[in-house]
Amino acid sequence: MCTTCGCGAGEVKIEGQAPDHAHEHVHADGTKHSHDHGHDHGHEHSHAHPHEHEHAHEHIAPAQHSHAPGFSTKRMVQIEQDILAKNNAYANENRQQLAEHGIFALNLVSSPGSGKTTLLCKTITLLGKQPLAVIEGDQQTSQDAQRIRATGAPAIQINTGKGCHLDAHMVGHALQQLRLQDDSLLMIENVGNLVCPAAFDLGEAHKVVILSVTEGEDKPIKYPDMFRAASLMLLNKIDLLPYLDFDVAAAIGFARQVNPQIRVIQVSATSGAGMDEWLAFLREGLAAAHSARHETVDQLKQRVAALEAQLQRT
C-alpha cells in the first residue's frame, strides 16, 4: 500500500490492451500477490530493460511517514529511491521519443473536480486543426475519454484501479497506441490527486497544476510539492468568482511562496476568459518542440556528413 495516500494494489487497464501475463508485487509488510497486465510487446517503443513495473500501488512515501512493520528506515528510503529511479528511466525514454517527433507534452494535475476535462474539451475545440491527443487517467470508468473523443480528438483511457497516479511506464504504452503525428500536442490528464503525481515524471515538458476557485486559496501551501513541481498554474472557473469568497491574490501569493517561478493564467472554459493566453502558451511550446526536433535532425545530418568525410579521407 502507498503510505503517502493509501492507494492499494489494483489492476491497471489501458484501453486496447488485454491482460496477457502476470507480475508479482511485494508489499511493505512482505506479502506478495500477482495479477495480469496487458502489454503489447509488438510495438516499436524501445523498453530494453526488464519489465519491473512501478505501478501506482508501489509508491513508498518517505520513511518518516511510514509504519510498515519489519522495515527499517534505510530499507524504506531505498525502496522509494528504486521505484522512482525505474520510473525516471521510463520517463527519459518517453521524453526522448517525444522530442524526436516534436511532440509537446503536458501533464495536467489537480484535485478531483477542478474542471480539467471541461477545460481540455474547450481547449481542443479552440485549437481547431492542431494535431493532438489526450491520455486520460482515472481509477475507474472511461467517461472522460469519451468526452474527449466527442470533440473529435483521439484519446486513450488508463484506469489505475486503486492506484492514485499515472506512471511513465503506463504512459509509454499508451503512446504506442496513440501513434501521434509529428509536431503534435499531447495532454495527459492525471488522476485527480495533489500528492503522488508530483513525484512521478512522465516524460512531459511541463506539469500544469489546475486550481479551481471553488477550492481553498491555501491549496498551494497545503500541497507544496505539487505546486513546486509545476511550471504553470491555471486558476480555473474564474467566472464563478462573483459568487464565491475566494481570494485570488492570496492563492497566487501562496503559489509563488512555494514556487517563485510559477506562471499563473486565470481561465474560464465557460466564459472563455484567459483562454487566449492559455492557447498562446500551448502554441509557444509547440513551436519550441518543432524547432528542437529540426535542430536535432540537422545536427544528426551534420554528424553523418562529418563521419562520411572522415571515412573518405582515410
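Is C196 buried or exposed? In this predicted model, C196 is buried, with a relative accessible area of 1%. The disulfide count is 0, and C196 takes part in none, its nearest cysteine sulfur being that of C164 at 3.4 Å.

Aromatic residues come next. The model holds 2 aromatic pairs. One of them joins F104 and F281 in a tilted arrangement, with 6.3 Å from centre to centre and 55 degrees between the planes. This pair bridges distant parts of the chain: F104 belongs to strand β4 (residues 104-110) and F281 to helix α8 (residues 275-313), 177 residues apart. Both partners are buried, F281 with a relative accessible area of 10%. F281 also pairs with W278, this time stacked, at 5.9 Å centre to centre and 15 degrees between the planes. W278 and F281 are separated by about one helical turn because they sit 3 residues apart in helix α8. W278 is buried too, at 1% relative accessibility. Through these ring pairs, F104, W278 and F281 are linked into a cluster.

A further look takes in helix α4. This helix spans residues 168-178 and is mostly covered, 10 of its 11 residues being buried; among them are H169, M170, H173 and Q176. After α4 comes R179, which has a positive phi, near 45 degrees.

Terms used. Residues are numbered from 1 along each chain as its sequence is written. This is a predicted model: local features need pLDDT of at least 70, side-chain atom pairs count only at pLDDT 80 or more; totals for chains, interfaces and linings use all residues. Side-chain values use heavy atoms; hydrogens and water are left out. Buried means under 20% relative accessible area, exposed over 50%, partly exposed in between (1.4 Å probe, protein chains only). Helices (H or I, at least four residues) and strands (E, at least two) are DSSP runs, numbered from the N terminus. A disulfide is a pair of cysteine sulfur atoms within 2.5 Å. Rings of Phe, Tyr and Trp (its six-membered ring) pair if their centres lie within 6.5 Å; planes under 30 degrees apart count as stacked, over 60 as edge-to-face and the rest as tilted.
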